[in-house]
Amino acid sequence: MRQFQRGSSFGSQNENIESVYLETTFVSYLVARPSRELLVAAHQQTTQDWWADRRAEFGCSVSQIVIDEASLGDAQEVQKRMVVIDSLPVLEVTEDAESLAQAIMASGVLPARAIRDAAHVAVASVHDIDYLLTWNCRHLANAQIMRRISLVCDR
C-alpha cells in the first residue's frame, strides 16, 4: 500500500485532520477472503492494520468511481466492500474532475484502459485530498507515473 502526498495537487480539506481517498484496491484488500498467496496476504494484513490503527487519524472518503468498481464481482464480496464504503463520505465527481481525468488521459501517461485510475486521481486532486491510498502499483502506486500525473494536475 502506498500513501501519496502531492504538493499543490493534494491539499488539506481540514487544518486539523488530513484527508485520505481510499481507492478501490484498498477497500478490496480490507475485506477480501484471506489469500493463500504470501504477498497478497501481507498486503491484506497491512491494510487491515492501517484500518484498525490509523484510520481515526484521517478523514477517509471514496467516490462514485470506487462504488462502481466495488460493486462488481462476487455478490458476497461486493456486500462486504459496500459495508465499508457505506460508512464513508462520497466525493462528487465534478465537471472539473472529469476535465482533469481527460487531461491526464490526453497526456499519454496512462493507457486508454486506465481511465478509472485517472478519475481516482482527478477526484482526489479536485477535492484537495492529502493522500490517495491504493494497492494499484501499475498506475497509481508508481512513482514515475505519479510524478508525471502530478505535473498534469499542477497545470
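## Exercises on a predicted fold

Phe26, Trp50, Trp51, Phe58 and Tyr131 come together as one aromatic cluster. Before we start, note that this is a predicted model, where local features need pLDDT of at least 70, side-chain atom pairs count only at pLDDT 80 or more, and totals for chains, interfaces and linings use all residues. Residues are numbered from 1 along each chain as its sequence is written, and side-chain values use heavy atoms, leaving out hydrogens and water.

**Exercise 1. Find how many helices and strands the chain has, and the pattern they follow.**

Step 1. Helices (H or I, at least four residues) and strands (E, at least two) are DSSP runs, numbered from the N terminus. The chain has 7 helices and 5 strands.

Step 2. Along the sequence they follow the pattern β-β-α-α-β-α-α-β-α-α-β-α.

Step 3. Now for confidence: pLDDT, the predictor's confidence in each residue from 0 to 100, averages 87 over the chain, and 88% of the residues score at least 70. Take care with residues 1-14, where pLDDT stays under 50.

**Exercise 2. Work out which residues of helix α1 are buried, and where around the axis they lie.**

Step 1. Buried means under 20% relative accessible area, exposed over 50%, and partly exposed in between (1.4 Å probe, protein chains only). In α1 (residues 24-31), the buried residues are Thr24, Phe26, Val27, Leu30 and Val31.

Step 2. They sit on the same side of α1, because they cover an arc of only 165° around the axis. The arc is that of the directions from the helix axis to the C-beta atoms.

Step 3. Their cover includes β2 (18-22), α2 (38-53) and β5 (131-134).

**Exercise 3. Classify the ring pair of Phe26 and Trp50.**

Step 1. Rings of Phe, Tyr and Trp (its six-membered ring) pair if their centres lie within 6.5 Å; planes under 30 degrees apart count as stacked, over 60 as edge-to-face and the rest as tilted. The whole structure holds 5 aromatic pairs.

Step 2. For Phe26 and Trp50 the ring centres are 5.5 Å apart and the planes stand at 85°, so the pair is edge-to-face.

Step 3. Phe26 belongs to helix α1 and Trp50 to helix α2, so the pair ties together parts that are 24 residues apart in sequence.

Step 4. Phe26 counts as buried at 0% relative accessibility, and Trp50 is buried with 5%.

**Exercise 4. Is Asn136 buried or exposed, and what does its side chain contact?**

Step 1. Asn136 lies in the loop between β5 and α7 (143-154). Its relative accessibility is 13%, so Asn136 counts as buried.

Step 2. A polar contact is a pair of N or O atoms within 3.5 Å; within protein, one must be able to donate a hydrogen and the other to accept it, and residues adjacent in sequence count only if both atoms are side-chain atoms. The side chain of Asn136 makes one with the side chain of Asp117 (3.1 Å).

Step 3. Leaving aside residues up to four places away in sequence, Asn136 touches Glu23, Thr25, Asp117 and Ala141, where contact means heavy atoms within 4.5 Å.

**Exercise 5. Find how many residues the largest nonpolar core has.**

Step 1. A nonpolar core is a set of buried Ala, Val, Leu, Ile, Met, Phe, Trp, Tyr and Cys residues joined through side-chain atoms within 4.5 Å. The largest has 46 residues, and those with the most contacts inside it include Trp50 and Ile149.

Step 2. Helix α6 gives the most to this core, with 6 residues.
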